[in-house]
Amino acid sequence: SEEANSSRLKIPKSRRLRSSLDFAETYALKHKAGNAYLLIFAARNEIGSTRIGLSVSKKNGNSVVRHR
């Protein structure tokens, strides 16, 4: 089922960028790569694990659509 599949795709909170400050610091370093479909920003951290944050453009739909 779709519900069962979506539960496997969750990223633990400890592995996510969560605050505006986290995103702003990452964007400010300007380490990026991408193409027409995806843009990735990267920043080193001192915690020893990779963290991820997703920012979806309004070009992809309204808030409800982007959060699906």
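Helices (H or I, at least four residues) and strands (E, at least two) are DSSP runs, numbered from the N terminus. In the protein there are three helices and two strands, and from the N terminus on these elements follow one another as α-α-β-β-α. The model is a predicted one, in which local features need pLDDT of at least 70 and side-chain atom pairs count only at pLDDT 80 or more, while totals for chains, interfaces and linings use all residues. Residues are numbered from 1 along each chain as its sequence is written, and side-chain values use heavy atoms, with hydrogens and water left out.

**Pockets**

A pocket is found on a 1 Å grid over the protein atoms alone, as an open set of points where a 1.4 Å probe fits, with protein on both sides within 12 Å along at least five of seven lines, and its lining residues have an atom within 4 Å of a point. The volume is the space filled by probe spheres set on the points, which are joined across faces, edges and corners. The largest pocket holds about 1,000 Å³ of space. It is lined by 29 residues, of which Y27, L39, I40, F41 and G53 are the closest to its centre. The elements that give two or more residues to this lining are α2 and β2 (39-42), and α2 gives the most, with six residues. The second largest pocket has a volume of about 490 Å³, and among its 14 lining residues the closest to the centre are G53, L54, V56, R66 and H67.

The table divides both linings by residue class, where Ala, Val, Leu, Ile, Met, Phe, Trp, Tyr, Cys and Pro count as nonpolar, Asp, Glu, Lys and Arg as charged, and the others, Gly among them, as polar.

| Lining | Nonpolar | Polar | Charged |
|---|---|---|---|
| Largest pocket | 15 residues | nine residues | five residues |

**Exposure and the surface patch**

Of the 68 residues of the protein, 7% count as buried, where buried means under 20% relative accessible area, exposed over 50%, and partly exposed in between (1.4 Å probe, protein chains only). On the surface, I11, I52, L54 and V56 form a nonpolar patch with about 350 Å² of accessible area together. Such patches are made of residues with over 30% relative accessible area and no salt bridge, with nonpolar side chains (Val, Leu, Ile, Met, Phe, Trp, Tyr) joined within 5 Å and like charges within 9 Å; accessible areas come from the Shrake-Rupley method with a 1.4 Å probe, and for residues only the protein chains shown count as cover. I11 lies in the loop between α1 (2-7) and α2 (20-29), and I11 counts as partly exposed because its relative accessibility is 32%.

L38 and V56 are 18 residues apart in sequence and 9.6 Å apart in space, C-alpha to C-alpha. L38 is exposed, since its relative accessible area is 51%.

**Salt bridge and backbone**

With a salt bridge taken as a side-chain nitrogen of Lys or Arg within 4 Å of a carboxyl oxygen of Asp or Glu, the count comes to one. The side chains of R51 and D22 meet in it, at 3.1 Å, N to O. This pair links distant parts of the chain, 29 residues apart, with R51 in the loop between β2 and α3 (63-66) and D22 in helix α2. R51 is partly exposed, with a relative accessible area of 29%.

K30, in the loop between α2 and β1 (31-34), has a positive phi of about 60° although it is not a glycine. K30 counts as exposed, at 64% relative accessibility.
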